[in-house]
Amino acid sequence: MSGINTRSTPGYEELDSGVQPLPQARVRSSLCRSCLASNYYGPWKTQWVLPLQYLSASTSKTLPWEAPSRETLLRKIDTAMKDGDVEEALQAFGNYKKLHGLPEPQVLNSVIVSLSYMSSRRWLQRAYDLVLSVYRINCNLLNGGSLMRLALALARDQMPVPASTVLRIILESGKLPDVDILSMAFMHMVKSQVGSYLAADVLAETCECFLYQVTDRRLLKKLDPIKNNATLFNMVLQSCVKFKCIIKAQKIMELMSLIGVEADLNTVVIVSRVFEMVGQRDELMNMKRTIDSFVSLAFLQYYQHFYDCLLSLHFKYNEMDAVANFLIDLHRQQKLGLFFNNDVQKQGMIQIGSSNLKTGYRIMFDPTKVDKGLVVGMESQFGLAVITDGNLLYSEKAVAKLVIGCVKTGKVNTLSTFLITLHKEDLMGISPSNVITACIQIGWLHAAHDILDDLESAGIPVGINIYISLLREYEKRNKPEEVNGLLQQIQKIAVTKVNIPTNSSFTIKNITEIAKDEMPLNNSSFLETLVEEVEHHNPSDHSTQEFNNSIMFFCKAKMMEDALRTYKRMREQNIRPTFHTFCHILCGYSSLDMLREITILWGEIKRRLEYGELDLERDLLDCLVLNFLKGGYFGRVMEVINYMSNHNIYCDKWKYKHVFLKLHKNLYRNLNSLHDKTEAQSKRIEDVQAFRSWAGI
């Protein structure tokens with residue numbers, strides 16, 4: 001045997017390259033058995049070659065008496081991936097991992113990328129599981145590029161939780177995700193409610209990860225890819241509006257200011273909707289001063305949304321004088337051609353929070369820049385501001401809400417002034433006759449009479465048929481004083497129309513003669529709109545809005561005592577707090593690290609939930625969990641988490657787990673180390689253990 005040249009023997013090269021060579025004694029034994037079995041006694045060299053060829057052909061993958069080498073498994077992984085045999089590649093990968101540990105990063109990331117391109121969710125889940133297993137062993141082996149491709153594939157397949165986890169692993173490595181791929185991933189994630197929550201969190205974490213680690217402002221250039229991508233923020237902000245995440249929306253806007261994102265017209269539209277949702281009317285009023293000078297025909301459809309939101313807030317605050325002036329301004333701007341301004345300034349500003357407070361933020365935007373790839377919805381959200389024949393005007397719905405607001409609050413004079421101004425300045429708008437007629441037909445007779453008197457005093461003529469219609473309604477309701485007064489007014493008008501002596505008695509016969517040539521009153525589209533808006537009118541809304549606005553101002557100014565006094569007055573007046581009320585107070589407490597007070601606030605929220613007086617959104621619950629984790633109130637943490645679980649509200653386990661590990665990593669690590677425990681300590685340890693178990697720590 002020692003004289004045989006095994007390197008030149010056919011079939012041995014294959015064994016030598018993939019499998020360890022056999023010991024000589026074992027080879028000799030195998031050869032002997034082969035010779036005996038075949039009962040062949042030819043030359044010895046022939047007996048050497050035949051069994052080796054047999055062994056080479058039958059054990060080319062794995063010999064039964066030994067493990068495959070690194071090279072064999074790596075070659076098998078590579079071949080399987082090239083052939084598209086994913087199952088075989090993963091089996092070989094698993095064998096390699098058991099025998100030799102994790103492979104080189106190049107091999108590992110090649111497997112992840114190949115799995116990312118598979119169309120089946122099963123393989124995407126396997127790729128995600130593989131990433132998690134590697135992350136737990138050695139996260140440095142993972143490549144950011146392959147992880148970004150996997151995150152995009154997961155997001156595209158509507159798997160937002162795994163997609164966000166992969167993105168967070170990239171952030172933990174200290175690398176900035178590829179912004180273009182991140183935008184595409186967010187585009188798919190924000191389609192669902194859970195995906196929207198996670199996209200907002202990942203974007204905030206991405207900004208904070210680099211913003212708070214950079215002490216030298218010159219190093220902020222690292223954030224330029226994000227800073228120059230307004231669409232990334234617009235997508236997330238729009239989803240926050242869609243799913244009513246006001247806390248996250250405000251946080252994203254503040255981060256845009258800190259990073260210095262140059263916003264566009266889509267940002268103006270979405271930020272306007274955020275302000276409207278939260279009730280920040282002062283911010284919209286400040287924006288109006290800038291936007292009025294920017295509005296041009298080319299971008300009119302975008303600014304329409306801003307005016308629509310501002311009008312909506314005027315109505316929510318029951319500011320009828322502001323509404324009337326706003327509607328007249330729209331007409332004046334259209335008449336003077338101010339909406340055809342082509343000399344647009346270079347930059348506008350969105351002020352977030354009071355400009356008098358040091359805590360305020362500013363977002364700069366380009367009034368000529370818009371990403372048409374992002375569709376924010378071209379239809380008016382509230383239907384108050386509309387574009388008609390290339391002109392930005394108000395709708396019948398806006399006038400109907402103005403009429404209702406003025407009548408319900410006793411500000412008929414404001415409505416009359418609005419109608420008189422439209423007539424005297426020759427501004428195209430709703431006719432006074434239509435408004436008065438609608439008021440008569442809906443039963444607001446005194447309001448209609450007051451408007452008639454104001455118009456008469458201003459010298460604006462109104463058709464006699466309107467007077468007669470009002471007279472008949474007075475007669476139906478048996479109001480003799482009003483009938484006599486109106487008859488005298490009709491007689492004065494009649495003198496100019498027919499030959500009736502002023503000192504003679506005025507009868508229904510005279511009225512019939514006067515009205516014979518007048519057109520009868522018909523139901524108009526405005527009347528239908530007015531009736532519909534009356535059904536939806538809620539007079540208590542504006543009181544709630546005013547209190548919430550005051551509470552929000554004090555909380556942002558960190559004046560919590562004033563905020564709580566306002567909240568106390570709110571309850572004394574039997575005005576029910578809303579979700580926004582508690583959001584403002586919670587954010588105020590959180591900004592001052594008043595964590596104990598937040599536990600008291602949670603008690604108030606729980607009581608209102610038990611009585612069915614409050615509808616909670618996930619945004620508030622998420623903020624509660626984070627603050628309770630920060631303060632170490634693990635009993636409260638589990639209360640909120642259990643509430644979320646019972647109501648099918650998504651819990652971001654990854655985020656809560658990492659907040660815990662960051663703040664309380666070694667807390668009660670050995671839960672049995674304390675022998676002499678008080679009842680409170682035992683309960684606390686039990687709560688910590690419950691959270692660890694839930695979070696999988």
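Let me begin with the largest pocket, which is lined by 50 residues; A204, E208, Y212, K251 and L626 are those nearest its centre. By pocket I mean, on a 1 Å grid over the protein atoms alone, an open set of points with protein on both sides within 12 Å along at least five of seven lines, and lining residues have an atom within 4 Å of a point.

A word on the source: this is a predicted model, in which local features need pLDDT of at least 70 and side-chain atom pairs count only at pLDDT 80 or more, while totals for chains, interfaces and linings use all residues. Residues are numbered from 1 along each chain as its sequence is written, and side-chain values use heavy atoms, with hydrogens and water left out.

The largest pocket has a volume of about 2000 Å³, a volume being the space filled by probe spheres set on grid points that are joined across faces, edges and corners. Which helix gives the most to this lining? It is α14, with eight residues. Helices here are DSSP runs of H or I, at least four residues in length, numbered from the N terminus. Other helices that each supply at least two residues include α11 (193–211) and α31 (618–631). By class, the lining has 22 nonpolar, 13 polar and 15 charged residues. Nonpolar covers Ala, Val, Leu, Ile, Met, Phe, Trp, Tyr, Cys and Pro; charged covers Asp, Glu, Lys and Arg; the others, Gly among them, are polar.

I turn to the second largest pocket, with a volume of about 1300 Å³. Of its 45 lining residues, E276, K316, N538, D541 and Q545 are closest to the centre. Helix α27 provides the largest share of this lining, six residues. The lining divides into 14 nonpolar, 18 polar and 13 charged residues.

The largest cavity holds about 80 Å³ of space. Among the residues lining it are Y135, C139, E172 and K175. Helix α9 gives the most to that lining, with three residues.

Finally, the cysteines. The structure holds zero disulfides, a disulfide being a pair of cysteine sulfur atoms within 2.5 Å.

Conventions
On a 1 Å grid over the protein atoms alone, a cavity is a set of points where a 1.4 Å probe fits but cannot get out, and a pocket is an open set with protein on both sides within 12 Å along at least five of seven lines; lining residues have an atom within 4 Å of a point.
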